[in-house]
Every structure is written in structure tokens, then in C-alpha cells.
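Have a look at the structure first, then read on.

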Amino acid sequence: MSASDLLLRGPAPAHGSSALRRIDRLGALLTLLGAAGLFLLPFVDFKANRILPGDPRDLAQVLPLWAALGCQATLAAVAAVALLAANAPLRLAAALAGVVAVAAALAAAANALTPPHNLIIRVAPGAGFWLLLAALGLLVTDAITRMRPGPGARVLLLALFLAVTALALAHGTFDNVSVMREYAVDASAFTLAARQHILLSLGSLAAAVVVALPLGIFCHRVPRLRPGVLSALNIIQTIPSIALFGILMAPLGALAAHVPLAAAVGIRGIGAAPAVVALFLYSLLPIVANTVAGLKRVSPATVDAALGMGMTRLQTLLSVELILALPVILTGIRIVLVQNIGLVTVAALIGGGGFGTFVFGGIGQAATDLVLLGAIPTVVLAFSAAVLLDALVERLDRVPK
Amino acid sequence: MIVIESLTKRYGSTTAVDAVSMVIERNSITVIVGTSGSGKSTLLRMINRLIEPTSGRVLIEDRDTASEPGHLLRRRIGYVIQGHGLFPHRTVAENVGTVPRLLGWEEGRIRARAAELLGALQLDPAQYSEKYPYQLSGGQQQRVGVARALAAEPAVLLMDEPFGALDPIIREKAQDDLLDIQRRFGTTIVLVTHDIDEAFRLGDRVAVMSEGRLLQYDRPEVLVTRPASPLVGRMTGSAERAMRLLSLTTAGEAALPLAANGAGKDGLLVPTSASLREVLSELLWRGSECATVVDADGTPSGQLTVAAILARGRPA
């Protein structure tokens, strides 16, 4: 080999660098996170009662040796897959196995620390547990993203996740974990809060769709109105939610005081009425803006052709313009639904009900477990709504840009 | 027959179309040509009342178009636009079936008609019916647009710059196809274009518009030989008028009797449908003086000399 050959080819790759390059970067980061959770932070907090500060406990302190080692071995295997395997289904399976191991360890720790028939003691998930769960959750999400599942498969995965979770809860696996203890204190209050939460989110969404869709169509047809309407809705969007609830209390209270019919249908200064009105107002901008954007996306030639073929204005709107705009409009509805599920939590402050009742109750009593009882279902609800509507949008959007 | 009577469209103080009157014969292709802003599209869109005229009226087969709701009128008139305007969320077959479905035809008849039209436009129904518009080439999309416009067997077909989005080679093919379609279905076609070559190539009659007014409306050769005004002369390209005239005459029409000695037998053979412009160009290229005109089956039917062709390039 001559010198010029060497120059042209450049230096040969150093040994070992290819093996290093094969290490998955995200896997490495998540392994570090998980290891920190496992070895540096407490897995559970042991509390003598619900408001006392926790006494941190490690996995090895709580579980029998074989169980602690089993859990750690499982997590080590998950870390190996996350670091070295490129096969997405394998990564998903490993991550799910990790989630199951961590959840089982939590349940086992709670059972081990709780003496029989003792309802005073609380075993709460510790910082280590949450960090592990976050790392594994990101690993699951990443694996699913790499598999590029279609909309149907994503909904199926979500349903599977919810079903397994519901089964475990119904079976009583986590009954000794602090959050479930809070649930057991008043299960009927939880059911009521869930119903209120869903009703408030969906009800305000439905009302907003009924108003915002025609308003968006109107803004599309009369471009002169567009800047005015959109900036008015924008201003509403900038009012902080607590302030808006407060602002609405006065006029709605006055309405209830002076119009018997309004009071009869349940309109009051506090409670569900101001919550629904506020959520409705927040919902308008995303739906109106996306309706306008969606209709704008429809090519003028297509609309011209539809009218030229002899469709009426209404037929053109319903069977051409709105259908073509639907994916964008649904994206707006998705934004609103997820936003509402989150905002309803704040509505508990003015007596609107929902999971926020537990959050604010928990803050008031310094009971973190009660806060989690409100926060966890809210997150699950918002996440499920996002997955479902994303799948729907993708299913409908077969028109190339 | 379409009768347009002093049709006018005003937007505020500007007059888009100014008292245009013309008669469009049945089973013909009429081309409205003009620069952008000449009012040609507005005129076309007043025929199917996508734009309502300010004054004047349109009669189709002696019936005032204002006598029925606009959308019902439009279901009887085919309409093709630049960039085809196909419905992106519907398959080719569904696109073609749009107007029959609006008219309440039964499904079997709609499917049969769609298949017939796609076949006539050289799109194999088995292969293309279930495709979506984005899966087709520009030329194929344009043909589906034509098939959709013809689906409910309209007597009148309006076309607004139908070939404007096609590249030159596909455009020429599409123009030939349109001539075939017109012959096959006997449709009365009104076509708007800014391309004067296209107007001369397709039009049985050509209407020249400028600033909302109809400057001249006549057979193409009359526009070339006797332009009504210097403006029409400029728009039809007076510098090229001799060649344009030659392009409007076919070899068959201009052929001289075959010479007894069979001159040119060894030379150029041209079909009767070739234009004199093409024959002259080919003769110049070869440096020969004489071409033989042959029938479709190849038998010589006449001959053409350079001198005879040149004589045709002057107004009679």
C-alpha cells in the first residue's frame, strides 16, 4: 500500500469505537436516571400516619433479599436491552417488564411494611420509585415511537394499558399503597369527582364546538371579521384561569339572584356554572382558529369545482370544505379537550368539583397522597384523550399536504 | 345553441364584462381568448351563473338560464378549471360520479358511466377507479377533471384554462384528446385561454376580448386575414399571420391533382390531416419542392408544391 493510498482512505477506524457507537444514547441516559432512582433515592416513604413526614426506605431494606435481588436483576436486564438492543419490540417488552417489576415491588413493599388491619400507617411511593417509573415510561414511549404503530394499534395499546391497570386495582394489588388508602377512605367521593371531571371537560367542549365551529366558518367566509374575533378570543386566553373564575362569579351570582329561571337550572356564582363558562371561553380560540386554518387549507379550485358541478353552498360546505378541514379542526378539539381536563382541576377552587377537589384538599391538609389521588387520574385522563384524538386525526387525514 | 345578449358585469365602478353579445353554435368549440383581466373568465362563469350578471341574459337552447336556481343549472353544464379542482378526499370514480350522484342516478348507472368515461379518456377503469387524485400525474388528473365534467352527459361544457397547468407536450396531447371527445360526444364546448396558439388550434370560432369588451368573434382564418382592429391584429400576432394561416389549412384541403408523371414519388409523403405549416417546414428542411398527399390507407390522393403552399399564406 502506498502513502497516497493511505491519504485517500484516511486512518483506519480505531478498535472498539464501533462497539461504543452501538450503545443507544437514549438508553444510556435512561439507565443513568434509573440507576439514580434505584440506588440513590428512597424507593418508598414510610409514614406513621398520613400527614407526618416520611421515613425513606430502600428496596433492600423493605423486601426480602430474593425479591429485592429479583427486582434489581430484572431492571439490570432492562438496562442491558435499553443500552444495546436496536429491536423496537424487544425494547418495548423489556420496558414493560421493567414497569411490571417496579409496580410489583411497590405493592410488595407496601404489603411488607403494613401490619395486618392497620389503616393508620402510610407507605407512599418515594422519589426513587417515581424516577424509575419515569425512566421506564420514556423507554416505553420511545419503543412505541420506533415501532411506528398505526392509529388503531396505538388505541389498542392504550386500551391494554388501561385494562391491565384497572384489573390490578380491582384485584387489590395496590390496596396498601398510600394513594389507594386515600381512595378507600371515600370511594364514592372519587366516583363522583370522576363523573364531574369528565362531565365538566366534555360539556364545556361540546358547548364550545357548537359555538366555535359556526364562528370559525363565519370568520373564514368574512375575512374582515377574522382579526377582530381572533384577537378578542386571544385576550380571553391570556386571563389566568383563577382570575377568570373570579371574574365570572359576580355576574353569574347576580344572574342567579335576579332571574329565578337561571337559579332553577343551577346557575350560581360558584359551582359548576362559572367553571363551565370559563372552560367554554378558553375552548373557543383553539377551535375557531383551527376551523379557520382548516378551511383555508382547502384549495379554492376544489371549492370552485364543487360549486361549478352544481353543489349548493351548504353541500359544498358539508361534503367538501368541512370534510377536508376536519383533521385540522379535530386537532383544535384535541388541544381543547386536553387543556380542559387539566383546567377542570382548578375549577375545584370555586366548588366546581372534579379531581381538583382532592388536589386542593390534599394541599390544605398537607396530605401528599390525597394530592396524588387527584393528580394521577387527571394525567391518565388527559393522556388517554390525547392518544384517542391523535389516532382519530391520523385516521381521517389521508389528504396529502 | 347558446345566445349571449349584452351580458355585463360591474364590480363597483369597474366593468369586468361590458355588454358582450355572441351566439355559440351547437356542437362546436368556441374559444374565448384575451389577456388576464380581459373579462374572459368572468364571461364564462356568467354562462353557468357562478357569477351573476349585472345585466343582460344568457339563453341555452332558447331557455333563459335565469329561469332556474343556479345550482340546478350548473348540474346540466360541464365545468373544467385550471388545476382540475378534483376532490382530494374522494376516489377517481367518486369524483367522476359527483354530478350524477347530485342528480340522483342509481349507483349501477353511475359506476357504468364513470367506467365508460375513464375508458374514453384512456384511463383504465380497473386500474384507476379506486385511486385518489394525489396518486395520479398532472395529465391524468386533468383527464379525470374532464371525465367528471362530462359525467352527466351535459350538452354544454365550459372550460377555464383547462390545460394551463400542463407541460407543453402533455398539453398538446390533451388538446388532441379534447378534439376527439368533442367529435365523439357532440358537446358544445366554450373554452377560455390566454394562449393564442391554443385558441387557433382548438377553436371553430374564436372570440377575442380585451378590457371587458368583445373585439372580434369569427372563424380563425377571418381573424388572421381581416382583423377588426389593429389591437386584434396585434393579439393574433400579425408578424406570424402568414404562418398562422398555413397552420389552419390541412394538406387534404389544399392538395392539387396528382401530376401524371408522379412527381415527388420518391420524396415526402404527408397525411391529409397535416397542416400546410408542417408540410412547408418539412419541405424547407429537406430542400425539396414537392410533397405527395396520401390517404389514411397510404394511396396518393394529391400533391403539394412549395409555390402552392406559399400561395395559401396570403389572404384570398
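In chain A, 15 residues of domain 1 are in contact with 17 residues of domain 2, contact being counted when two C-beta atoms, placed from the backbone, lie within 7 Å. On the domain 1 side, at least two residues each come from strand E3 (122-125), helix H8 (151-171) and helix H9 (178-185) of chain A. H9(A) gives the most to that side, with 6 residues. Helices here are DSSP runs (H or I, at least four residues), as are strands (E, at least two), and both are numbered from the N terminus.

What's the make-up of the side of domain 1 of chain A that touches domain 2 of chain A? It divides into 9 nonpolar, 1 polar and 5 charged residues. For these classes, Ala, Val, Leu, Ile, Met, Phe, Trp, Tyr, Cys and Pro count as nonpolar, Asp, Glu, Lys and Arg as charged, and the others, Gly among them, as polar.

## Domain layout and ground rules

Domain 1 of chain A covers 19-184 and domain 2 covers 187-396, with bounds taken from an automatic or database domain assignment. Their C-alpha centres lie 34 Å apart.

A word on the source: this is a predicted model, where local features need pLDDT of at least 70, side-chain atom pairs count only at pLDDT 80 or more, and totals for chains, interfaces and linings use all residues. Residues are numbered from 1 along each chain as its sequence is written, while chains are lettered from A and ligands numbered from 1 in the order in which they are written.

## Chain A against chain B

Between the chains, 15 residues of chain A are in contact with 17 residues of chain B. On the chain A side, the elements giving two or more residues are helix H15 (300-308) and helix H16 (313-347) of chain A. The largest share, 6 residues, comes from H15(A). By class, this side of chain A has 10 nonpolar, 4 polar and 1 charged residues.

## Two positive phi angles in chain B

Asp62(B) isn't a glycine, yet its phi is positive, at about 70°. You'll find Asp62(B) in the loop between strand E4 (55-60) and strand E5 (63-64) of chain B.

With 13 other C-beta atoms within 10 Å, Glu153(B) is partly exposed.

Technical notes:
Buried ≥ 20, exposed ≤ 12 C-beta atoms within 10 Å, placed from the backbone.
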